[in-house]
Amino acid sequence: MDLYMMNCELLATCSALGYLEGDVYHKETDCLESVKDLIRYLRHEDDTRDIRQQLGAGQILQNDLLPIITQHGQDKPLYDACIRLMVNLTQPAMLCFGKIPEDPAFRHHFLQVMSHLQAYKEVFGLYYNCNTIVYLTNIFQLDWEQRQEEDNLLIERILLLVRNVLHVPANAHEEKNVDDDASVHDKLLWAIHMSGFDDLVKFLASAQSEQQWSMHVLEIISLMFRDQTPEALVSAGQARSVQEKQRDAEELDALRQKEQAQKRSRMFQRGTRHSRFGGAYVVQGLKSIGDKDVIYHRGIHNFKHYSHDTGKAVRRVPKKNQRAQESEDKRRSALNVRLFLREFCLDFLENCYNRLMYLVKENLIREQAQQHDETYYLWALSFFMAFNRGNGFRADLVSETVTIRAFHFIERNITNYYEMMLTDRKEATSWSRRMHLALKAYQELLQTVNEMDCSQDENIRQSSNVIKCNIFYLMEYREIFLTLLRKFDETRQPSSFLKDLVESTHLFLRMLERFCKGRKNLMVQRKKAKRKKARGQKKPTVETTPEDLEETWKMVEEELRATGFQLSEGLTESIVPFDATSETPPEEQRAEAMVRVQDALLAKLGPEALGLLRAAREVWPEGDVFGSADVEPEEELELLKQILHANLPSNFFIILYIQGSLCFNRCLMSYRFANPNIVRPYLLLLKTYSKNTPHTNHCIARMLHRLAVDLKMEALLFQLSVFHLFNKILSDPAAAAYKELVTFAKYVLKRFFSLASENSKAFVELLFWKNVGAVREMTEGYSKDGVNSKKNATWTEEEEEELRKLYEEHRDSEVPDIVETLLPLLSNSDRTRRQVVMQLVHMGLVDNAKELKKQKKGTRIVLWTEEQEQELQMLFEEYRDSDDVLGDILKKLTAKRSRARVVDKLLSMGLVSDRRELHKKRSRRAQGKSSGKGMTEEEFLAGLTNDFPEDPMDRDDDEEEDEDEDEFEESDEEVEEEGRKESGDGGRKSKSINSSVGKSADVGPMVLALQKEGMSGPLLWLQNRLNKTAEDRDEDGFSQPVPLVPLMEENEEAMEKKSFQKLLRKLGIRAPANEQIFWRIPAKMSPSQLRGAAAALSPRDEPTGGGEEPEGHGSPPREHEEGSASDEQRAQALRALLLARQRRHHSSEHAGMSASFIVWLKLGVWEDIPF
């Protein structure tokens, strides 16, 4: 855009600024007003940034603004206005357009603005403006009480101006500079140095009164060192060390050997005949397009390069499958620039680093910084710690960032960046670069700790020992490299990221091996789902019918009424429900007490059962699980009846999420890397072995050596693409420079051909990647199909005949569930419900498995009698004005029916016109306290239980409740097994112990079944995510869908299982839609609903159904109680659940603290124990 095309008003305004005559600038009288007008024009520019482009084309900044602030800096109002305008003009193009435009027209405008910015940067390198330094020096000499608001604004604008100019990227097509040549950025840095601004930056970083500028200072420093590497600055002006000379000589020798080998190969390729008469050859056994053999028309010495793909068009790789591009390469600046930057680094480390990094970290933790400002912190940590390590390491200069807090901060950011890289696909490249920056910071922390371990100072070595104890003990720090390797994606993460990841993993394993050497035991943290069996011998299951239970209850009731509910002192003293010296957790002992009460009732020992009930009530009063403190004798009698009829197996499992310690094994850690998803990134990096550094190739070879030699799992590398790579390495003319790789490749190939002589299928196995199980089968022998397979268990002829006879006998017996009747009668007690159903269908005894679907209790009543309709109408008239119409009706109905049946009947009778009229009503007071502020504990817990079912997303879940649970029971074999055990005592279920907590209680059977499958870890992860989302929504005040991104392998496997997905749907979590890949927590779920869902996922103390947990109900319901009693029961159930979780969390923390004490005790580090 030429100057004559500028808008006339804009041109007149620019002309009123003044003019430049030689080196002297003459300003006009209206110069200040003209500058303000330009600021006003910029404020109203359009989306194409037309005003900015016209001012850039007119070179207003070069010809007017810079001369004004240089020659007329004493005019403070004019100086302030020019600085404001320059800050606006130098604003980065990405901020102007939001992102790089995809539209060609807007892309052109973006490039125009970028070219103007590069012109601004070039002219800034020619001005050594001392007026700016004078202004800032005068302001800094004032105390903070004497400073005006305009002074602080001027400081901030000058810092932003310097930041904007340094941020402008280099124009590689225009500059084309080589190393040691001065680029535009080098000239700008030299101008900053000559003006003294670098000293001002160091003053701002170290002054206690100027800590408000810490983020600006760190950003400017990071942009100053953008093209530099710590190694280049350390060696600037220094003589080359012996190691550097040796390394350069080795690289030169490798290049020379490669060149000589290529010359020899070309010499041997020359034939004796003329090239036009090279001859024609028939390749026997290699078919051409037709049925004849291939005819080769070139020299036979070139045949090894023959391929059918020669001459074919290269297939275009889709953009989404292309490998990620590398970031800009580093270059070596001019020597004078490197020397001044080296001096800057030395002064900064000596006087500013620790203080500035502390201030920046506090701003980040308190969220007082802008978005993505943590990247500057991560860069500064990695850069200056690397410089300090190369320039005569001193631990005191970087003590602020060599802490466990720094490890935790970086690990948390790596996890966050990875999650965002998966969810925010459009900005995946940016998130990948941030994750690479965090990885480099983590790598530098490890290298610094390793350097501390080699220090001569005993205190420094002791400090590094304490840090290593923590990072080796905590599972998060040990698993981070496994996770990053397993999740590596070459389309989003460049090869430089993989290089740093491989080197960091090598360093971590080396430190771990050295740390373990000489130690007999190393205690590390572990988390696992542990199943505990209740103490005592397994009792044989006895079939008890409802008639037997009624007879037993009559005898117990008569005995208790005869004694007047009075117990002897001897009996009271002999009953002890809780053992404080036992290792059994209190929650498990409480469950055992409940089972003991039931056993006493079944044995017709009424006084013993009543005494145990009262003793347990004194030990566990919370939640009124064993009755309230002021319970009446009649209520105790009713509670005993409920316990008698409840389904409480005598031999049950309690699943706990244990966080404890175990003895560490180095081979076990290496075994975790024996996974094709982890080996594949190593081989991907090995493909560029000729471009890799010797250290990178050594890291790759060392990891593969661990797997193939140390673990004797060389079969992991028996893959065709790997052998093709080995062939390339062995045939490389410069193979002598890669002795380590050549030796390893020969070893693997030798092992393969040795195995192929014994296993005829070894050559076929080359086509597939293999896991540990396949490797074992390949080397030790293949197992037969169907062995030890529970699903493929075969039926003998005797078992089929037995099943046929039993089915014929009971087919017409009108039992509610014939499969449950047959299971206990089979001679093979290991048969599951699914196996019996499938065998009945296979034998033709039934036509479809749906005929044998397990019926849910209460759903068989379909027809309504006239009396029942009248009762329903009377109950509706009585409770139509209550807050929970449907709930009150269900409690008073004589014939128990499902919620969906009652709703359908009310609609058919015309009593209601819409289902929404039957939803719970929320009072205004409850809505006002939804934020959780000013609420009592009872109101908060009541809100958890009352609000959760009110989600409009789950409005129709009640109607599908029966079908969902039946499908879940049929889809899971272990749930069917549990249903078989429960059906034997089906008549003992009490109608009064039903779930009233809403949908959060409906997931009880699902949670229990998943816990038995060993999914306690994924359940706890889901629970933490729900609680974290609830806290975030409380703090932010708004909601948005939150994706559930599984990082751990066990969580990812759980998310793929149908049973876990059914649980997610039951909780109201939304399945992936369209191009989504993750489940999402809906934005409509309130914090109270999220907490209620999380509470429903807590580990179960008893393997009973969600509606049969006695601890969720307290004292039995009575007909004369009001509607508020159910709310109180729900609050008590939630309170008991939360208290149990707090005790479990406390016990896990205690276990972790004990494990840490063991580590410190074995290391003898007494003074560093954090008591």
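The structure holds 36 salt bridges, a salt bridge being a side-chain nitrogen of Lys or Arg within 4 Å of a carboxyl oxygen of Asp or Glu. The model is a predicted one, in which local features need pLDDT of at least 70 and side-chain atom pairs count only at pLDDT 80 or more, whereas totals for chains, interfaces and linings use all residues. Residues are numbered from 1 along each chain as its sequence is written, and side-chain values use heavy atoms, with hydrogens and water left out.

One of the salt bridges joins K27 to D75, with the closest N and O atoms 3.0 Å apart. Because K27 belongs to strand β2 (residues 24-27) and D75 to the loop between α4 and α5 (76-89), this pair ties together parts that are 48 residues apart in sequence; helices (H or I, at least four residues) and strands (E, at least two) are DSSP runs, numbered from the N terminus. K27, at 35% relative accessibility, is partly exposed, as is D75 at 26%, where buried means under 20% relative accessible area, exposed over 50%, and partly exposed in between (1.4 Å probe, protein chains only). In helix α2 (residues 31-43), D37 and R40 are 3 residues apart and thus separated by about one helical turn, and their side chains meet in a salt bridge of 2.5 Å, N to O. R561 likewise forms a salt bridge with E634, at 3.0 Å between the closest N and O atoms. This pair links distant parts of the chain, with R561 in helix α24 (residues 546-563) and E634 in helix α28 (residues 633-645), 73 residues apart. A network of salt bridges links E45, R49 and R52.

The protein chain contains 52 helices and 8 strands, and 48% of its 1171 residues are buried. Of the contacts (heavy atoms within 4.5 Å) between residues at least 6 apart in sequence, 76% join residues at least 24 apart.

Beyond its neighbours within four places in sequence, F225 is in contact with L233, L341, F344, C345, W379 and F383. Q228, in the loop between α13 (214-224) and α14 (230-234), is buried at 4% relative accessibility, and with the same exclusion of sequence neighbours its contacts include L233, L341 and F383.

Most residues other than glycine have a negative phi. Q59, which is not a glycine, has a positive phi of about 55°; Q59 is located in the loop between α3 (50-57) and α4 (60-71) and is partly exposed, with a relative accessible area of 38%. For H372, phi is near 70°, again a positive value in a residue other than glycine, and the residue is placed in the loop between α17 (353-365) and α18 (374-390).
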